[in-house]
Amino acid sequence: FYAMKTAEIQKLKENKESAHIFLNEKTIMYSINYPFIVKLINTYKTKDFIFFLMEFVNGVTLRYYLNLKTKNDFRNIDEFTFFGAILGTILNYLQKNRIIHRDLKPDNLMIDQDGYLKAIDFGVAKDLAGKDSTHTVVGTIHYMAPEVISGKNYSFGVDFWSVGIILFEVFYGKQPFGFGNK
């Protein structure tokens with residue numbers, strides 16, 4: 001089995017930013033080969049569509065999994081440690097390859113049938129090859145580091161911030177900031 005991501009060529013022509021995101025994701029995904037990151041197998045193009053043929057992850061998003069949990073299911077230190085270890089190895093791999101994900105969140109992490117996390121959706125990822133930092137404001141607000149939100153220069157540390165938010169949510173069942181939290 002495989003998963004397929006599609007984009008309509010006409011819509012990409014109409015929206016240059018979407019086209020750039022799609023092509024950037026293709027370039028980054030082709031450069032990645034890691035067991036805890038979804039694999040891009042190939043790309044195809046027809047007259048009307050572009051297709052990404054990707055590894056099929058038989059599972060659910062971390063968001064879906066967290067939404068199913070009851071109040072008594074949280075504060076599981078073994079699960080927290082396991083997910084934290086996987087996320088740490090993902091960040092280590094990405095940083096060694098000079099890539100910032102910039103949108104790590106439970107919606108962009110799949111849990112496969114064996115319980116392992118896999119990072120998906122590299123649409124706003126950035127290859128920092130030859131650079132020390134970037135400054136584009138991208139991502140999902142509740143998982144964005146303060147320097148991203150403020151438009152300051154940032155580097156790989158912003159993904160650590162996102163992982164911290166994710167792990168807080170895994171352990172406590174809520175995000176530390178936003179949605180009325182103080």
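**Reading salt bridges and burial**

Modeller: Let's start with Arg 63: with 17% relative accessibility, this residue is buried. The model is predicted, so local features need pLDDT of at least 70 and side-chain atom pairs count only at pLDDT 80 or more, while totals for chains, interfaces and linings use all residues. Residues are numbered from 1 along each chain as its sequence is written, and side-chain values use heavy atoms, leaving out hydrogens and water.

Colleague: Is Asp 107 buried, partly exposed or exposed?

Modeller: Buried means under 20% relative accessible area, exposed over 50%, partly exposed in between (1.4 Å probe, protein chains only). Asp 107 has 33%, so it counts as partly exposed.

Colleague: What joins Asp 107 to Arg 63?

Modeller: A salt bridge (a Lys or Arg side-chain nitrogen within 4 Å of an Asp or Glu carboxyl oxygen). In this pair, the closest N and O atoms are 3.6 Å apart. The two partners come from distant parts of the chain, 44 residues apart: Arg 63 sits in helix H3 (residues 62-68), and Asp 107 in the loop between strand E5 (99-100) and strand E6 (109-112). Helices (H or I, at least four residues) and strands (E, at least two) are DSSP runs, numbered from the N terminus.

Colleague: How many salt bridges does the structure hold?

Modeller: Eight. Among them, Glu 8 pairs with Lys 11 at 3.9 Å between the closest N and O atoms. Glu 8 is partly exposed at 34%, and Lys 11 is exposed at 53%.

Colleague: Are Lys 105 and Asp 103 buried or exposed?

Modeller: Both are buried, and their side chains form a salt bridge, 3.7 Å from N to O.
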